[in-house]
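Trainee: Could you take me slowly through one part of this model, the place where two chains meet?

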Amino acid sequence: MDTTYDVVIIGAGVAGAMCACRIKEVKPQARILLLDAGDNDVDDDQRQAFVDAYQVSTAKNVPSPYAALGNNKFGYAPSSDGTSDPVAMNRYYVESGPDLFKSGFQRMVGGSTWAWRGNTPRFLPTDFDLKTRYGIAVDWPLTYNDLEPYYAQAEVELGVSGNRDEWEPLTPRSTDYPMPGIAASYGDELVRAALADIEPIDGTPVTVLTTPQARNSEEYQGRSACQGNSSCIPICPSGAKYDASVHVRRARDELDVQVRTGCTVARLVPRPGNVSPTVVFRDWTTTERAEEQVNGTHVVLAVNAIETPKLWLLSGLDNRSDQVGRNLMDHLAEEVVGLFGQPVFPYRGPQSTLSIETFRDGPWRRTTGAFRMTIGNDGWGRFESPSLAVDKLMWDPAAKKLKHYGTELQDALAERVTRMLRIGYSTEQLPDSANRVTLSDERDGLDIPRPKIAFKIDDYSKRALAYGHSVARRIWQHMEDTAGAEEIEPLQPTLKFNGAGHPMGTTRMGTDRATSVVNADGLSHAHTNLWVVGPSVFPTGSTANPTLTLAALTLRTADKLATTLP
Amino acid sequence: MTHAADFRALSELLTGEQPLDQATADAHRERLARHFPADVDRLIDAYRAAVGQPDPGAALFTAVNADPALARLARETLAIWYTAQFTRPDNTQDAPDTPSRYRAGLVWKVISAHPLSAAPVPGGYGYWTQHP
């Protein structure tokens, strides 16, 4: 293969693939190599194979469609498992605690977007200046207004459905959404009606909005409108939900980007002089798995907030700032479930379409994390699956006897599951330099160090979880009082949490090279022509799902990089 | 009656669903028999004893609950019909044997939904806005 490129991009997820496309669109003559550790294809047959694997899996959890991919199955660049089971997670992560970092990722061509829900709210303008506004965390080196044009472009790239009139007051916009907002479900509308007359909670109005989603509400760029398969996480059978296979295909098939899959980068080797590091990788699909190397005038790291610092550290790249790997963040998430007063018929349509955004910002944020709330359209989600409901209704585990059978069991099941509703809250976590990714002594199937993670939930986050529960509980109380809701739990805050699948931080951007790793353009402070795209560059994590923001930042970085090319 | 027919018939009593597909019943019976080899025949015997009673379903329910091993197999028989999956004696899960069997699980019909990852046909964009 050619061993010199204008740009070598490591990671073919949304950030890397979109970066490749944008650079090529601006500079069609650019020679670009896109490397990924996964060896999956990105066509319809591959998607169907993932669906089949999901359907015959026992757990139906996030990694179930992808578990058989060679890199996962044989440990060549494995994904963490994306479950909150510490044993399963630790097949890849080595966690030193004291708390468990619960969010994984999918290490494959197209990355974690294969398995995301598709929610694409923007960060709020206030999310960019928490230090100035509330005296907490750090400010970003750019503002909402700086990023707004790129938000608009990212929404076109992903294909976002949303209602401008609902969102303009929260996140000012220069453009309409590419598509109208996703249609709410039958049950969503019952909930929206039930909450129409709820009083403000602690002075904050409870306003239900249509969540912007990278899910087609009409045919868009050759992909169909959503078919309502209700399996957005972990696999969209129709492709109506954006995943980065869109940009991988565009890069490979339309823009003449060279894509190599099954290639795990082993390290970056700094070169003498004012040039980017050499990329050393192994194609694990070959018998020899021999090391190969390639040089690019520019190198772009696009391998998420776990793998990017891991690769940086194992390569011995410049870390005099001691910032690489630090400030790992997630959105700690929990939910309050209950039975609505009448059937809401979950498991029909997208897993959620409505949200409550009013608790994403407020004066309490000086001491207590903010949160986004979602109204689920997927029953009790992780709390109780339909299969578990069957077992709970038919079986008495103490007596070891059947409780119900026949049509009586059918009726009990229908009565219970069709009324299941969850209100989730996903909380803000501040950067903490002690929450970090380092290298463990343990190695993966290619003898590459596995990431070691130290993670602690601080009091700010615990207060966010407690306040999120309090607000969700009071929303349920209103539905109990006015709409016949019952069986609400948990009644008290547990401080338990799930990972949101949103690893962020670890190579954050900033103006001061002593406290950040890259500048506002995503360019390394320490290394010439070494760029980082993806959620690792976030200085703070907001309450919004990170993909749209990382996509906007990626387009901005790609434009900056492209201007340096001949 | 044969084992095959009787297993299907007892499944109809347990699930309340009638008629159940014979080929699916055969596949389910074989999967269960691999892990509960002694008890499948005993469950069928219990069914044969119950079928002559005034209320065969109630008689079968009483009979299986009087025998912990049969109660357990009755539970897994219900599980496999509802979800194409069941719990083995060692408490590991026996996965759906094929995607189509997963999609044929009774649970989705009973809760007025569709199998996750298999949208209803006819359906299309926005079907979920309507009462099922």
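**Where chain A meets chain B**

The contact, meaning heavy atoms within 4.5 Å, takes 50 residues from chain A and 49 residues from chain B. This is a predicted model, in which local features need pLDDT of at least 70 and side-chain atom pairs count only at pLDDT 80 or more, while totals for chains, interfaces and linings use all residues. Residues are numbered from 1 along each chain as its sequence is written, chains are lettered from A and ligands numbered from 1 in the order in which they are written, and side-chain values use heavy atoms, with hydrogens and water left out.

Between them, chain A and chain B bury about 4,000 Å², 64% of it on carbon and sulfur atoms, where buried area is the accessible area (1.4 Å probe) that two parts lose on being put together, summed over both. On the side of chain A, the residues losing the most area to chain B are A:Gln55, A:Arg348 and A:Tyr405, together 18% of what that side buries.

The rule finds one salt bridge across this interface, a salt bridge being a side-chain nitrogen of Lys or Arg within 4 Å of a carboxyl oxygen of Asp or Glu. A:Asp391 forms a salt bridge with B:Arg75, and their closest N and O atoms are 2.9 Å apart.

By class, the side of chain A that touches chain B has 24 nonpolar, 19 polar and seven charged residues; here Ala, Val, Leu, Ile, Met, Phe, Trp, Tyr, Cys and Pro count as nonpolar, Asp, Glu, Lys and Arg as charged, and the others, Gly among them, as polar.
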